[in-house]
Amino acid sequence: MASSSHTINWWRVVEPEGFRPGDWTALHLAAFQGRHDVVKDLIGQRIDMEAPINDGATALHLAASRGHLRVVQILLAEGAVVGPKNRRGRTPLHHAAEGGHSEIVQTLLESGAAPNARDRNGATPLFIAVQESVGEEDIGKFLAVVRVLLSRGADKEAADKDGRTASDISFEYEMLKVLEGKWN
């Protein structure tokens with residue numbers, strides 16, 4: 001492997017949940033940390049962008065879940081698969097929706113992510129965003145995600161395995177207005 005001007009200080013990495021030293025590559029850690037400079041270097045060294053970690057997540061899942069837009073953009077520009085599923089059946093779009101990262105949701109959708117992809121429990125990214133908004137102090141970030149998803153064809157009536165829809169779990173008045181199309 002060629003030497004790089006960018007390094008990751010391994011002792012300063014916050015160990016992600018499920019971290020196993022032999023499982024995560026340098027690309028996974030750089031994506032998790034939002035180190036776009038390191039991500040670019042590693043891709044230039046032909047590292048496998050699609051290599052999964054123990055839960056099946058790729059570097060794109062990690063960057064999307066942590067809100068690292070620049071890393072997501074780099075990975076997609078370099079040809080990362082936009083909709084891989086982890087062991088829970090979740091795509092990077094599910095992870096971005098769960099984190100309330102509307103710009104990443106938009107970027108993934110523009111790159112061909114399926115707005116109605118379902119995880120193993122039948123939950124769509126819209127369902128996940130609405131579910132995460134319940135009781136959330138900063139509901140605005142989830143409202144933005146819901147608006148983006150709805151504008152790109154997300155089905156608000158898609159039910160999970162228990163028959164619940166995003167409308168069923170939208171306890172917050174503002175979220176209900178968004179789902180009913182009564183938002184500006």
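Here are some worked exercises on the predicted model shown above.

**Before you start**

Residue numbers start from 1 along each chain as its sequence is written, and side-chain values use heavy atoms, with hydrogens and water left out. Because the model is predicted, local features need pLDDT of at least 70 and side-chain atom pairs count only at pLDDT 80 or more, whereas totals for chains, interfaces and linings use all residues.

**Exercise 1: the overall picture**

Work out how many helices and strands the protein has, and what share of its residues is buried.

*Solution.* 
- Step 1: Take helices (H or I, at least four residues) and strands (E, at least two) as DSSP runs, numbered from the N terminus.
- Step 2: The protein then has nine helices and zero strands, in the order α-α-α-α-α-α-α-α-α along the sequence.
- Step 3: Call a residue buried under 20% relative accessible area, exposed over 50% and partly exposed in between (1.4 Å probe, protein chains only). Of the 184 residues, 47% count as buried.

**Exercise 2: helix α3 and its surroundings**

Decide which residues of α3 are buried, and which helices they pack against.

*Solution.* 
- Step 1: Helix α3 spans residues 59-66 and is mostly covered, with six of its eight residues buried.
- Step 2: Those buried in α3 are A59, L60, H61, L62, A63 and A64.
- Step 3: With contact meaning heavy atoms within 4.5 Å, the buried residues of α3 pack against α1 (26-33), α4 (69-77), α5 and α6 (102-110).
- Step 4: After α3 comes G67, whose phi is positive, near 80°.
- Step 5: Now look at A26, which lies in α1. A26 counts as partly exposed because its relative accessibility is 24%. The C-alpha atoms of A26 and A59 are 9.8 Å apart, although 33 residues separate the two along the chain.

**Exercise 3: how α5 meets α7**

Describe how the axes of α5 and α7 cross, and name the residues that make the contact.

*Solution.* 
- Step 1: The axes of α5 (residues 92-99) and α7 (residues 125-133) come within 8 Å and cross at roughly 20°.
- Step 2: Angles under 35 degrees count as roughly parallel, over 145 as roughly antiparallel, 65 to 115 as roughly perpendicular and the rest as oblique. The two helices α5 and α7 are therefore roughly parallel to each other.
- Step 3: On α5 the contact uses L93, H94, A97 and E98, and on α7 it uses P125, I128, A129 and E132.
- Step 4: Seven of the nine residues of α7 are buried, among them P125, I128 and A129.

Terms used
Axes fitted to C-alpha atoms, helices over the stretch in contact; angles between N-to-C directions.
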